[in-house]
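Dear colleague,

Please find below the structure I wished to pass on to you. My notes on it follow, arranged by topic.

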Amino acid sequence: MTNALLPNIYNFMARIDPFDKLPESVVKEVVQKVKISYLAKGDEIPFHSDCDQRFLYVIRTGAIEQRMKDGSLRARLGEEDQFGFTFLEPLSDSEDGYQAVALVDSLLYLIPHSVLQNVLESNPEYSEFFDSRARARLNSALYRVMPNDKGPYYRKVSEVASEDVAIVERNTSIRTVALLMQDEMRSSCAVVKDGDDIVGVITDRDMTTRVVATGINTDSPISEVMTINPQLIHGDATVLEAISLMMQFNIRCLPVVYGKSIVGLITTTHLVHNHRTQALFLIEKIKYSNSIEALKTLKEERKVIFNSLVESRVGSNVVASVMSMIMDAFNRRIIQLAEKQLGAPPCDYAWIVAGSHARNEVHLLSDQDSALIIEDSATNADIAYFTHLAMIVCNGLDACGYPLCDGKYMAATPKWCQPLSRWKEYYHKWVNTPEYNKLLNISVFLEVRAIYGNKELADELQQHLHQCITNSARFIPSLVRDAIETQPPLGIFNKLVLEKSGDNSRTLNIKKYALNLIIDLARIYSLSANGTQTGTEERFQYAFEQGVMAEDSYRNIIGAYRFITQVRFTHQCEALKNNKTPDNHIDPERFSSFERKHLKDAFKIINELQDGAKLRFTKG
């Protein structure tokens, strides 16, 4: 190679991932050893264990297709893509013997493995960038988009808890407790003990509503007005877990404990004012809004919080959890307002959510997926009440920025507002006759979460569902066959394989071709082991713990899921900043070299897990 070509090669290499992360001197050292290869359409690159010399291949122009020994597609690669990450360890079975063929005339830069080995011996901190394992490369990518300071949501509650907490015995007078809270401890909450046991809590608001407003004698023991069996939180739990607990049980303070020792107090006011948890501030405003009109004014704050979280580079799981808690708060408050408008419900019911909301994976595009489970004693008049309530709630959520479901999977649809016994009939039919339309119905309601009302109704229904699945030999294989019909776009970045229909014909639908596939696989692996979890990551974790997934597969798919979700959130955030409507369609031309490279790793991991599910759960 002539020296005249070196500046051109350097300028190209220095701007693509991972070489753009290396020192200039290292890149120049590598470029000095680059070999250039011109391939005509149809030319094959040998890539197997007995090759005399191995290379990392970098595509300068053109397109390469990789196929496995059995003829299945491994990947389609275009400009800036790389392959041959095998020099740090012996070739694995999955990487040995595949064919790489030029789809069009192509120009490749070949970096000898020996050159990179020498570089990495001197600079071991860059090893993960070139690891032969896709998971390791994805993990290094995630660390590069995550800050060292992970923000307030990751902190332990023991680190942020207020130490100003009043601790009293159950026989202490109400007056004494009030004085202690007011003058000595300046605490908004007192924790009540009976010997070593924590038996209750009392807040300053409780003092107003339960003592002053009712005229109770303040010489009475605090046990007469305290909240019994209070929620507690372990000191090692995260702030995010504390917020979730507060929202779930509608409480404003949480004693922080190690065993039976009280080490502090977490309150909503303390978190909002001292620890930048803007989401909790919004949730507080939602809780005390007195009309749908008042709630509508808060919907823009939800976008601001999403932007703030994404731009702060917190983990995608935290973003999704926070957005889910905000949606929970809107949903619960609108139900309360609807009950206030219609009067008390005539019988027990559970408002359940499904889809991304049930999985605690809400994002800016999440619409409504919901249903009502009514106790079996309900009359026709009772059901009419709940139908009316559901219409108010669904329309209210729509007004607050959560669109109506296009498929009408909402409590306002009469079919999804039914007594418990009818729901049990639905699940029995769906599981035992999994044709397409029934499979579609159950795929929506396979993960549900009760957010309001009598949770026991939802628990009983879930127990029935899992019993039906246990008794059916057909159901899991049907889920698998449906899940593997769509495959990830192993070559999405080459013009030859972009979608060519509809308004988004030049884009990647990251929901359809990536995230939905992962969600389906999590559902299959978890349900096969009788798991009752709803979240994607917790489902994979359960499957791994039950021995249904190998550790490599588990860690690979978690890394892929987190990276793809991070990419999705980043592009939704970019749309907001540019005053555009966020969607799931991303133009591949807008992917950075970094995103393009690691998305390909992620897609390959999804494809491999699909193959594994097919082998494990079907007869081929």
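Predicted model: local features only at pLDDT ≥ 70, side-chain atom pairs only at ≥ 80, totals over all residues.

**Helix H21 and its surroundings**

H21 itself spans residues 536–545, and its buried residues are Thr536, Glu537, Arg539, Phe540, Tyr542 and Ala543. After H21 comes Gly547, which has a positive phi, near 80°.

**Aromatic pairs and a cluster**

The structure contains 22 aromatic pairs. One of them joins Tyr409 to Phe445 in an edge-to-face arrangement, with 6.0 Å from centre to centre and 70° between the planes. Tyr409 belongs to the loop between helix H15 (380–399) and strand E18 (417–419), whereas Phe445 belongs to helix H17 (residues 436–445); the pair therefore ties together parts that are 36 residues apart in sequence. Tyr409 and Phe445 are both buried. These two residues are also members of one aromatic cluster, together with Trp416, Trp423, Tyr426, Tyr427 and Trp430.

**Charges over rings**

Two placements of a charged side chain over an aromatic ring may be of interest to you. The charged end of Arg302 sits over the ring of Tyr402, at 4.3 Å from the ring centre. In the other, the charged end of Lys28 sits over the ring of Tyr10, at 5.9 Å from the centre of that ring.

**A sheet of three strands**

Three strands, in the order E13-E14-E15, make up an open sheet with mixed pairing. Strand E13 (233–234) and strand E15 (261–267) are at the edges and have a single partner strand each, so one side of each lacks a neighbour in the sheet. In general, the strands of a sheet pair through backbone hydrogen bonds, in either a parallel or an antiparallel manner. Here, E13 pairs with strand E14 (residues 253–258) in the parallel sense, over two bridges. Within E14, Val257 is the bridge partner of His234.

**Phe85**

The remaining point concerns the loop between strand E6 (82–83) and strand E7 (99–102), where Phe85 is found. Is Phe85 buried or exposed? Its relative accessibility is 8%, and the residue counts as buried because the cut-off for that class is under 20%. Phe85 and Arg54 are separated by 31 residues in sequence, and their C-alpha atoms are 9.7 Å apart in space.

With kind regards

Note on methods:
Residues numbered from 1 in each chain as written. Heavy atoms only, no water. Phe/Tyr/Trp six-rings, centres within 6.5 Å; stacked < 30°, edge-to-face > 60°. Helix = DSSP H or I, 4+ residues; strand = E, 2+ residues; numbered from the N terminus. Buried < 20%, exposed > 50% of the residue type's maximum accessible area, 1.4 Å probe, protein only. Lys NZ or Arg CZ within 6 Å of the ring centre and 35° of its normal. Pairing = 2+ DSSP bridges.
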